Amino acid sequence: MMLRPYAILCGAIVAEIIGSVALKYSHGLSRLWPSLAVLIAYGLTFWWLSLALKVLPLGITAALWAGLGIVGSAVLGVLLFNERLGWVEIIGMALILGGSLLLTLASKVTQTA
């Protein structure tokens, strides 16, 4: 069942983005509820990432997790914190996404057991 590991990886990516947003809201882990959200979200992130890595290749998994996490966090930074993205940042994120997609689609690395 090939889609299940990717679904688990998607959960890890979403949890990472939630953890990053909660980290921003925690103000250096000085606020209780956002700090607890950070611990829970990153706990889920690494648990789900470890499950996905049982089957998916490390390089592809890391590229998707990091790349989509960066882009998702940047988008939420704009939406929630009024952060600005210039052309350099947008082009950089497009290159990250393109590289992650290229690694995923063109990789000759096979999944394990």
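Residues are numbered from 1 along each chain as its sequence is written. Because the model is predicted, local features need pLDDT of at least 70 and side-chain atom pairs count only at pLDDT 80 or more, while totals for chains, interfaces and linings use all residues, and side-chain values use heavy atoms, with hydrogens and water left out.

The protein has 4 helices and 0 strands, where helices (H or I, at least four residues) and strands (E, at least two) are DSSP runs numbered from the N terminus. Read from that terminus, the order of elements is α-α-α-α. Along the principal axes, the C-alpha atoms occupy a box of roughly 45 × 35 × 15 Å. Of the 113 residues, 31% are buried; here buried means under 20% relative accessible area, exposed means over 50%, and partly exposed lies in between, using a 1.4 Å probe and protein chains only. Contact is defined as heavy atoms within 4.5 Å. Among contacts between residues at least 6 apart in sequence, 71% join residues at least 24 apart.

The interior comes next. In soluble globular proteins, nonpolar side chains tend to be buried together. A nonpolar core is taken as a set of buried Ala, Val, Leu, Ile, Met, Phe, Trp, Tyr and Cys residues joined through side-chain atoms within 4.5 Å. In this model the largest such core holds 11 residues, namely I8, L9, A12, I13, I17, L49, A52, L56, I60, L64 and W65. Two or more of these residues come from each of α1 (3-25), α2 (32-52) and α3 (58-81), and α1 supplies the largest share, with 5 residues. One member of the core, A12, touches T45, W48, L49 and W65 when neighbours within four places in sequence are left aside.

The helix packing can be followed pair by pair. Two packed helices are described by the angle between their axes and the distance between the axes. Axes are lines fitted to C-alpha atoms, for helices over the stretch in contact, and angles run from 0 to 180 degrees between N-to-C directions. Angles under 35 degrees count as roughly parallel, over 145 as roughly antiparallel, 65 to 115 as roughly perpendicular and the rest as oblique. A crossing is left-handed if the near helix is turned anticlockwise from the far one by less than a right angle, and right-handed if clockwise. For residue classes, Ala, Val, Leu, Ile, Met, Phe, Trp, Tyr, Cys and Pro count as nonpolar, Asp, Glu, Lys and Arg as charged, and the others, Gly among them, as polar.

The axes of α1 and α2 lie 8 Å apart at an angle of about 160°, and the two helices are therefore roughly antiparallel. Their crossing is left-handed, and the contact comprises 19 nonpolar, 4 polar and 1 charged residues.

For α1 and α3, the axes come within 9 Å and cross at roughly 40°, so this pair is oblique. The crossing is right-handed. Residues taking part include Y6, L9, A12 and Y25 of α1, together with I60, L64, W65 and F81 of α3. By class, this contact has 14 nonpolar, 5 polar and 2 charged residues.

Helix α4 (residues 87-106) packs on α3 with axes that come within 9 Å and cross at roughly 155°. These two helices are therefore roughly antiparallel, and their crossing is left-handed. On the α3 side the contact is formed by I60, A63, L64, G67, L68, I70, V71 and A74, which meet M93, I96, L97, S100, L103 and T104 of α4. The residues divide into 11 nonpolar, 3 polar and no charged.

Finally, a few single residues are worth a look. Y25, in helix α1, is partly exposed, with a relative accessible area of 38%. Beyond neighbours within four places in sequence, Y25 contacts R31, P34, L80 and F81. Between the C-alpha atoms of Y25 and T104, which are 79 residues apart along the chain, the separation is 33 Å. In the loop between α1 and α2, H27 has a positive phi near 50° in a residue other than glycine, and its relative accessibility of 47% makes H27 partly exposed. L29 is found in the loop between α1 and α2 and has a positive phi near 60°, again in a residue other than glycine. With 51% relative accessibility, L29 counts as exposed.
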